[in-house]
Amino acid sequence: QVPRVHLWCTRSAGRTLRHGSNGQNSHTSVCTNSDAVASRVAGSVVWRTKRNHEGIATIAGCKQTGSAVRSVVRIAAKGRGALRPHFGSMGTGNLADRPEHRQTLEALRAECDRWQIDVRDVHLLPEVMLDEAEQKLGNRWQILHGSDGEQRTIRLLDAAKKTSHLDPGDAAAIAKSLDSDAAARWWQVTLLGRAPNAKRWADVLQQQTRHPDVSIRIAAAAGLVRAGKADSAAAVLKEEFGSKSEFVRHATMLEIDEAGPEFIRSFSDSLTAGKSEEYVQRLLLHAKSQL
């Protein structure tokens, strides 16, 4: 038995990865805000954020006192725009690329894959789709627990992993035939928009801005920014930011915030947030701080 270690991420101002723990015994944990999953194997933890940034946390020391577990953790962040680890004086370290950790990394990846498939990890879907499905089905558990739940989970996990690798070859193959499953297509459109050769897929991304699903439209618009089509992207994101859904507004604001000062400036004073929209407010403040 090993102590349960929680990892959680915030994509608000500062983009900070923090750690916490309790005294329960478990091999896996899901962060409190559903942005990451973590698996404990052989004294180490692997984490993946919602956008599939990946890293290793190794337990340098662990002391249990009652229900409290004190862990000294070193985090390795890997991936485009990876969240910045921060543990004050404890320091950070990039372990994911070190050859001596390759075997551990592969074991951690395999365990994380197994766990996500076993529990039918609904957070392989974007939050907007999760909210819509929950409203339709009554709860999130139902989303991936139907007759095709396991196969759909495997399908979504494969799409998510390809997106995390940002391989131009995967992007070329995907662009020829996008998945009919909206959640899988969301991952694929995200890959096309974040791949090193994103400009090559500008026409595909433009077409996807007219998709019936709002998550796909937002992802496609974000890709257009990186493909050098900022004006087209702005038109789409301005429309989506006018949604009555806080989930849609939050997803839209994430992409506006990440697009940088020049793009943010093009929105002028049209970016506002309601008093109850805490996460939108945080992103809005961070976006304006870039100007």
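So, salt bridges: the count in this predicted model comes to 17. Let me walk you through a few of them.

Start in helix 1, residues 102-119. E111 and R114 sit three residues apart there, about one turn of the helix, and their side chains meet in a salt bridge at 2.8 Å, N to O. E111 counts as buried, at 17% relative accessibility, while R114 is partly exposed at 40%.

D113 is buried, with a relative accessible area of 14%, and K161 is partly exposed at 27%.

Then there is E134 with R140, at 3.1 Å, N to O. Here E134 is partly exposed at 27%, and R140 is partly exposed at 22%. And do look at R194, R226, E255 and E258, which are linked in a network of salt bridges.

Now, on to helix packing. How do helix 2 and helix 7 run relative to each other? Their axes come within 8 Å and cross at roughly 175°; that is over 145 degrees, so the two helices are roughly antiparallel. V128, M129 and E132 of helix 2 meet V214, S215 and I216 of helix 7. Those residues divide into four nonpolar, one polar and one charged.

Last, confidence. The chain averages a pLDDT of 74, with 67% of the residues scoring at least 70. Over residues 1-92, the pLDDT is below 50. Confidence is lowest in strand 7, at a mean of 27, and highest in helix 6, at 98.

Definitions and conventions:
Residues are numbered from 1 along each chain as its sequence is written. This is a predicted model: local features need pLDDT of at least 70, side-chain atom pairs count only at pLDDT 80 or more; totals for chains, interfaces and linings use all residues. Side-chain values use heavy atoms; hydrogens and water are left out. pLDDT is the predictor's confidence in each residue, from 0 to 100. Helices (H or I, at least four residues) and strands (E, at least two) are DSSP runs, numbered from the N terminus. Contact means heavy atoms within 4.5 Å. Axes are lines fitted to C-alpha atoms, for helices over the stretch in contact, and angles run from 0 to 180 degrees between N-to-C directions. Angles under 35 degrees count as roughly parallel, over 145 as roughly antiparallel, 65 to 115 as roughly perpendicular and the rest as oblique. Ala, Val, Leu, Ile, Met, Phe, Trp, Tyr, Cys and Pro count as nonpolar, Asp, Glu, Lys and Arg as charged, and the others, Gly among them, as polar. A salt bridge is a side-chain nitrogen of Lys or Arg within 4 Å of a carboxyl oxygen of Asp or Glu. Buried means under 20% relative accessible area, exposed over 50%, partly exposed in between (1.4 Å probe, protein chains only).
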